[in-house]
Amino acid sequence: MRTAILFTMCAGMFLVQLDVTVVNVALPTLGGELHADVPQLQWVVVGYSVVLAALLLTGGALGDVLGHRGVVLTGLAVFGAASAACGLAQSAGWLVAARAVQGVGAALLLPGTMAVLTGTFPGRAERARALGIWAGISALALPAGPLLGGILVQTAGWRPVFWLNVPIVAVAAVATRRLVPPDVRKPGRVDVPGAVTAALALGSGVYAVIAKTPWVGLLAVAAAGAFVVVERRAAEPMLPLSLLRSRQTAGANLVSAAMNFVGLGSVLVFTLYLQDVLHADPIAAAAAVVPMFVPMVLLGPVSGRLTARFGPRPQIVTGLLLGAAAMLNLLRIGPCTGYWTLLPTLLVLSVGMGLLTAAVVTAAVADAPGERAGIAGGINNAARQAGGALGVAVFGAVAGEPSAHVTFVHGLHLLGFVSAGLWVAAAVLAAVTVHSRAGRKRVAATG
């Protein structure tokens with residue numbers, strides 16, 4: 001029964017990850033059909049990610065109050081309906097709006113699936129192994145997305161890319177209803193002011209980067225300040241600031257943000273480089289980016305076992321340093337250098353992220369009390385998705401229009417250098433904040 005629950009919860013994360021990578025391959029095609037420029041294509045990606053990041057904490061809090069099983073089922077229903085709406089979109093604005101609703105469904109799914117797993121696998125070692133499998137199976141969506149997307153786009157158009165989610169949602173919903181027992185509901189209420197200020201801060205921040213509008217950036221800073229004030233005064237805050245007093249929790253969440261900032265930002269610019277600079281068709285481009293994901297899939301369970309044995313710090317530091325080396329390889333990229341110069345970046349970056357994912361999730365939730373599992377998972381996923389949304393915005397803005405090949409390649413060089421520096425700094429942060437044996441104190445306290 002526990003194994004069946006594990007794989008059912010993996011389906012929820014699989015859906016969320018699938019829609020990140022499958023969309024990137026479809027961007028040039030749907031951009032041409034819907035007459036969308038690069039900023040609009042960025043919003044097709046980040047419209048989903050921004051809403052997901054902004055509402056993840058609310059999703060975790062809703063699960064703690066209403067029960068994670070019901071929230072996961074609701075998330076599946078919203079995600080499936082929004083996916084169908086994406087497939088019917090007649091304009092870029094329609095598609096961005098439907099993607100935002102997808103983000104609402106995903107925000108209910110992610111913390112719920114993690115909380116169900118932490119309740120199903122209470123021991124430190126078994127939880128680390130379960131999270132490793134969760135990370136590995138969900139990461140299957142990363143190579144599956146480009147391959148399925150490339151085949152669908154080239155043979156049937158971009159709309160089936162979104163319709164693909166609907167049958168997966170149906171199967172996952174039936175399995176969740178049958179396998180996952182109902183939760184005991186806890187008294188409480190949802191922090192609406194916190195959710196609103198968080199969404200405004202993240203959304204305006206991403207918009208400021210994409211639209212290059214400084215005054216909107218000031219609005220983002222003001223909203224972020226308001227969010228902190230609201231959370232300090234709230235009787236039942238969406239983000240209990242006490243959870244961030246742990247150096248390990250704070251450090252792991254910052255590392256998570258840096259990981260997705262580079263990882264998801266890279267997926268966008270690599271796809272544009274392959275299709276618009278190297279002139280690869282959708283299937284060829286999809287096959288070309290698969291090496292960025294396969295090692296990540298294979299290393300997820302391995303990282304979980306290593307984390308259970310040695311703690312998360314060695315995997316986090318090693319993964320970050322490997323990723324930094326991979327991004328420095330972008331300095332060798334040119335308009336005519338070809339795919340083989342890019343391949344080492346794809347492979348080594350994937351190895352680094354494969355080592356990172358399970359370890360950083362384990363570190364982020366290890367110090368949280370059992371009753372705060374949903375919120376702790378929501379905080380970590382929010383950090384990751386916020387970092388990913390900002391990464392897509394920044395990478396797209398720095399690289400610019402891929403039709404200007406020389407300028408685009410120069411942007412890749414700058415991104416490689418900055419990304420490497422960011423991940424080296426994150427490795428130093430992890431070395432001084434993450435325990436070598438995360439979660440031992442918590443396990444002793446919770447049994």
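How many aromatic pairs does a search of the whole structure find? The search turns up five, where a pair means rings of Phe, Tyr and Trp (its six-membered ring) with centres within 6.5 Å.

## Ground rules

This is a predicted model, so local features need pLDDT of at least 70 and side-chain atom pairs count only at pLDDT 80 or more, while totals for chains, interfaces and linings use all residues. Numbering runs from 1 along each chain as its sequence is written, and side-chain values use heavy atoms, with hydrogens and water left out.

## Two of the ring pairs

Trp-43 and Tyr-207 sit 6.2 Å apart, centre to centre, with 35° between the planes. That makes the pair tilted, the label for whatever is neither stacked (planes under 30 degrees apart) nor edge-to-face (over 60). Trp-43 belongs to helix α2 (residues 38-66) and Tyr-207 to helix α9 (residues 192-211), so the pair links parts of the chain 164 residues apart. Tyr-207 is partly exposed at 39% relative accessible area (buried is under 20%, exposed over 50%, partly exposed in between, with a 1.4 Å probe and protein chains only).

Trp-158 and Phe-162 have ring centres 6.1 Å apart and planes at 85°, so they count as edge-to-face. Trp-158 is buried at 1% relative accessible area, and Phe-162 is buried at 0%.

## The whole chain

There are 18 helices and zero strands, taken as DSSP runs numbered from the N terminus (helices: H or I, at least four residues; strands: E, at least two). Along its principal axes, the C-alpha trace spans about 60 × 45 × 45 Å. Buried residues make up 60% of the 447 in the chain.
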